[in-house]
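Please find below a note on the structure under review.

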Amino acid sequence: MKRTIIAATACLMAACVLNAQELRPEAFDLLNLDYPGLEEVKALHEDGKDSLAAVSLLDYYRHRTGILTPEIRNVKKVKISRQQQQWADDALDHRFFAHYGYQPSYDYGDDIDWRYWPVRDNELRWQLHRHKWFTPMGYAYRVSGDEKYAKEWVSQYMDWIHKNPLVETGGNEYEITDDSQLKADAENSRFAWRPLEVSHRLQDQCFQFQLFIDSPYFTPAFLTEFLVNYHRHAVHIMGNWSEKGNHLLFEAQRMLYAGSFFPEFREAAAWRQSGVDILNEEIGVQVYDDGGQFELDPHYHLASIDIFVKALQIADLNGFRNEFPQNYINTVEKMIVFYANICFPDYTNPLFSDAKLTGKRDMLRHYRKWSDIFPDNLFIKYLATEGKEGALPDYLSKGFLTSGFFVFRNGWGMDATQMVVKAGPEGEWHCQPDNGTFELWYNGRTLFQDSGSYVYAGDKEVMEWRNWFRASAHHNTLTLGNRDFETTESKTLLWQPEGDVQILVTENPSYSGLTHRRSVFFVDRTWFVIVDEAYGDAKGTVNLHYQMPRGNVPNSREDMTFYTDFEGGSNFMFRCFGPEGMSMKKEKGWISTSYMKKSQRIDASFNVRKDDSTPVRYITIIYPKAKAGKEPSMNAKFTDRGFHDGSLKLQVKIGKEKKRTLGYTLD
Ligand code: MG
């Protein structure tokens, strides 16, 4: 008892500095005081001695053992990266790291303005409320032992509570007209209390709790404030689950954290169970039978693996792995294998849908974590160890037919040729209308990279950029009048992933009156012939788009050719053949590999006027080669009698020697 009284005195002295917090007796009602270890807390509380009960409760938490998060297993061994240190130090001056896309971080003022919104991008305002600098402040505190981080964290934590009241309006905040303050608070709640952000805080506050609990600034009174606030977060999610998609997944996984990390709350078991139940159900809903996640976006696919894996990790750490059936575990493994197949030999991902580029260092970290969970999977081990252990799969090209991802490859090394085609079902919010598009890796570089996404949602200017990057016309595919597809529901007509000529035939009813059939031939496992056929009654201009790599790409409008001349052994020659009257147009294109970052390149389109129901047919040759110069001629022609629903035949010639007849007959 003596020890706790001394602690109380020290804590109360520190508390004087921070007048914004007070002891919240209702915290005791939120806890199951019969939980093992809380006997003294219960007795003091029942005696009406809540100040001492709070001291005892803090003492309990400071000495609690056996409850960990996968992220912080030992607070004495935490490390901090240079970037995290920067975020922590910036935060001392109220320059808050809200978003990678907005650097350097904005200054939110001495008297923090949590409603400051310098660029009207919703993400910037939402993500401020994730408090992404709080945990780095905790690392900085642990690494340096400097109390300034703890003091500032407590101060900001309380400031946030006071200035961001939760106004429950059931989504009708604009109906509040008689109280302008209430109206402003309701509007702010849309950002500060969006369930995704709430869940983010719910998870990260477990880490902050671990990191700061020993500080004298973490007072008994603050503990009660923390618990009341934390409980309010959990209750808010339980009543406001996102309807579906990755938000729901994040929320479920973080609810699992809440229930596991704070088992002392009365509802902890229910929180944990709801997390487990939702994850078990959603893994069936959100993941196709081939392992693809239904946003059809490599970035969200990766994020979803991360969610499912985190749930397994916290279950393992706290002894409830058996609440996840074998089918859940198998699905997570399938998702990893899917991702490993569609990514390139340098560990980067295609930029399809709203994806950003994830680099090798990040991916190695992921694969190592995954390899711990799936030690028997040799492919995962191979990627985790950069080929030092484990083994590659016994196949090369691979199709994921339900998700509509098709990978042609002739190897797994940096010198491989690999094309990833995206041609699947409609997908969810992050999926772009891009059916038939592809990326091509050759000998150390990605050619024909997707445009990426750049930005998500916000005011008019933000939306204009978003729509540019989402547009069907800014992909490697075929459009009508450069318009977005009306329907995105590709069907696979043929997938032949083996042999000297490998074939994919996929078809999307892109517009009312116009269907796009794309046939990709992987010839001699080294070069590609793409046949695009647009058929139906629709009239207008048919556009076949190719997004050229950054840099100088010499081309000829007369011959419809492009030849790269890059250093580093990763080049191609390209020629497009179309009907009489086809014209080539070069427009400004963009590529974005991370949020709010973009660079220029060329969007080339091959345009044909379609005035009747005659199908428009193109042949494109893409011939990867190490060096530019001495370009052989490229020729191609159809040798059938025009478009036929069940077959295709053409002849392709490269130089004088290489002549190939290509085609197929559908069953
Ligand atoms: Mg795209």
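1. Is H475 buried or exposed? H475 is buried, since its relative accessible area is 1%; here buried means under 20% relative accessible area, exposed over 50% and partly exposed in between, with a 1.4 Å probe and protein chains only. D450, at 2% relative accessibility, also counts as buried.

2. On the basis of the values: this is a predicted model, in which local features need pLDDT of at least 70 and side-chain atom pairs count only at pLDDT 80 or more, while totals for chains, interfaces and linings use all residues. Residues are numbered from 1 along each chain as its sequence is written, and side-chain values use heavy atoms, with hydrogens and water left out.

3. The magnesium site. The protein donors of the magnesium ion are Q432 through OE1, D450 through OD and H475 through NE2, at 2.1 to 2.2 Å from the ion. Donors are N, O and S atoms within 2.8 Å of the metal (3.2 Å for Na, K and Ca); water is not among the atoms, so sites may look incomplete. The spacing of the donor residues in sequence is Q-x17-D-x24-H. Helices (H or I, at least four residues) and strands (E, at least two) are DSSP runs numbered from the N terminus.

4. Strand β4 and its partners. Strand β4 (residues 437–442) is mostly covered, with 6 of its 6 residues buried. T437, E439 and W441 point one way from β4, F438, L440 and Y442 point the other way, and all are buried. Strand β3 (residues 417–422) runs antiparallel to β4 and is joined to it by 6 bridges; two strands pair if DSSP finds at least two bridges between them. In this pairing M419 stands opposite L440. β4 also pairs with β5 in the antiparallel sense, over 3 bridges, and W441 has T446 of β5 as its bridge partner. The hairpin of β4 and β5 has 2 residues between the strands, and N443 in the turn has a positive phi of about 50°.

5. Strands β7 and β8. Strand β7 (residues 491–496) and strand β8 (residues 501–511) run antiparallel and are joined by 5 bridges. K491 stands opposite E507 in β8. This hairpin has 4 residues between its strands, and G499 takes a positive phi near 95°.

6. Cavities. A cavity is a set of points, on a 1 Å grid over the protein atoms alone, where a 1.4 Å probe fits but cannot get out; a pocket is an open set with protein on both sides within 12 Å along at least five of seven lines, and lining residues have an atom within 4 Å of a point. Grid points are joined across faces, edges and corners, and a volume is the space filled by probe spheres set on the points. There are 2 cavities of 30 Å³ or more. The largest cavity holds about 40 Å³ of space, and its lining includes E507 and H516. β8 gives the largest share of that lining, 3 residues. By class, this lining has 1 nonpolar, 6 polar and 2 charged residues; Ala, Val, Leu, Ile, Met, Phe, Trp, Tyr, Cys and Pro count as nonpolar, Asp, Glu, Lys and Arg as charged, and the others, Gly among them, as polar. The second largest cavity holds about 30 Å³, and α14 (298–317) and α15 (326–342) each supply at least two residues of its lining.

7. The second largest pocket. About 370 Å³ of space lies in this pocket. It is lined by 19 residues, of which Y61, R62, R64, V75 and Q210 are the closest to its centre. α4 (50–63) and α10 (195–212) are the elements that give two or more residues to the lining, and α4 gives the most, with 3 residues.

8. Aromatic pairs. The count comes to 75 aromatic pairs, where rings of Phe, Tyr and Trp (its six-membered ring) pair if their centres lie within 6.5 Å, and planes under 30 degrees apart count as stacked, over 60 as edge-to-face and the rest as tilted. The rings of F226 and Y230 are stacked, because their centres are 5.9 Å apart and their planes at 15°. Both residues lie in helix α11 (residues 220–239), 4 residues apart, about one turn of the helix, and both are buried.
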